[in-house]
Amino acid sequence: MTQFIYQLSVSVPESLTECANHLAAYLGGSEADLNTYTNARYTDGTTDYHFLATVVTAGALQKVAVPSEPPEFVDPLMLSQALQSLVLITDPESLVQAEPDKITAYIGVGVEQSLSSMGLTLKPEALEA
Amino acid sequence: MGSLSNVPGTLTLRPIAASLSNPTYGSITTGDFNPAFELFGNGEQGLWYDLNDDSTIFQDSAGTTLASWGDPVGRVNDKSGNGNNAVQSTAGSRPIRGRMPKAGVRNLLTATATLATQNVTTTNVQHTLSFTGTGTVTLSGTSTAGPLVGTGVNDRVSLTFTPTAGTLTLTVTGSVTLAQLQTGAAFDAYQAVGLTRFDITESGQPSCGYLSFNGSNQWMQTAAAVNFSSTDEMSVFAGVRKVSDAAIGFVIEHTTSRAANNGAFTLAHGADAGFGYSSKGTVSATAEVVSGITAPTNRVFTALSDISADSIVFRANGAQIATSAGDQGTGNYANAVVYFGARAGSSLFFNGLVFSTIIRGASTSGTLLTRTEQYVARQTPAVNL
């Protein structure tokens, strides 16, 4: 039976890319997760954002609520900055827009509604020739 | 060691390539069609991902923890014999493993064994709620019909109503079990929905396993380059559910970008009700339709391409829907990574489900083509060939 029962949506302003990747590695537990945010494909019209949607376990959420010792590949200062910048919304009735100095995360909200509520749209993508 | 002739029962082994034209199969493991023998028995390059084989799908890219329904998938092992496993090393970018009944999904609820209060998105058509148990479901939001009161653990009660479009809240009190909300004026066979909607089953219906790509950030790639450099012929088979027409979605692309690389191919759809396949030696050609495949919809797609012959045949559900005789230039397909669910993992993300994927670096025709499409159709809900 799956333990990945929580939908997680995250927006990261491009300026917080590095610390958000350390947060992702802290939660994901793998050095490869330092490459989670690589391409800020979304915008609120002013600022470019990364956007991620996935499923997580209760344990992952617990690691945000009560931080534990990070693995050696996670920079504690970067992780601390990410956690201080994190706005975690667990009530779907209280969604807030993305902000240029915040990592905004929703629990239990689908991709389309998350993007809409965060105020993000896809930047025009280069089409194939 | 005794003679096999003394062993009770029947064991018929599939002959190796020598008699591919008239194969027989062992009933133990191969069923009636085994792509590993049929499509790759002569050493053809390629890959085959069987998304119903629990033993080949893992949460992590190292392949240490098996993935269940609703889990992120970090690795799918290739069963073609070529070792072209698909991986995703970044946890947040992994597609999700799911299953649904072959006949498709009716039940709109989640965690239906013992229902809890929840919200459901409804449309302005007739719906029927049914359940067993002694509890009560009270509706609010897009409908205030009811309430529906249970009459016993073995009795199924039902309520038909027409909500408006929007969010329907079902407030549960007491014991409400085996609950189902579906469109229409009657309740059909119960479909069990697990803790997430990635796990939906129905008694008497085969389940179709899939990978769900969210159109935003989920994708996979082969762990290493797939060496197609000895062939200029390609056969691509995929059972697909397209969830959205809103944006371009790449289901499969060989190389980081067909636009930038020679010897590449792409299975994708545009921001329209279409789908298509492109092949490139040194020049790109495309066979596509731009209408008639409106999301949400399921298809078994087949693409057959030949660079030197300047030929692409694109099929859906066993029928040809587009062709191209456009120039593909020269050369063979590249020795390059194959990407799934996006272009190079960075753009043009696919929003949908993939039930089956077979890529074969050779031409496929005749009975073998038909049987392969039938095989993929068996893995794809609501497609019967």
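**Note on chain B and B:Ser93**

1. Leaving aside residues up to four places away in sequence, B:Ser93 is in contact with B:Gln88, B:Asn217, B:Gln218 and B:Trp219. The model is a predicted one, and every value in this note is computed from it.

2. Is B:Ser93 buried or exposed? Its relative accessibility is 6%, and because buried means under 20%, B:Ser93 counts as buried. Across chain B, 55% of the 385 residues count as buried.

3. B:Thr144 is 51 residues from B:Ser93 along the chain, and the C-alpha atoms of these two residues are separated by 40 Å.

4. The secondary structure of chain B consists of 28 strands and 2 helices. Among contacts in chain B with a separation of 6 or more, 68% are between residues 24 or more positions apart.

5. On overall dimensions, the C-alpha trace of chain B spans about 70 × 60 × 40 Å along its principal axes. The radius of gyration of chain B is 23 Å, which agrees with the value near 21 Å that a compact globule would have with 385 residues.

Notes: Residues numbered from 1 in each chain as written. Chains lettered and ligands numbered in written order. Predicted model: local features only at pLDDT ≥ 70, side-chain atom pairs only at ≥ 80, totals over all residues. Heavy atoms only, no water. Helix = DSSP H or I, 4+ residues; strand = E, 2+ residues; numbered from the N terminus. Rg over C-alpha atoms; globule rule 2.2 N^0.38 Å. Buried < 20%, exposed > 50% of the residue type's maximum accessible area, 1.4 Å probe, protein only. Contact = heavy atoms within 4.5 Å.
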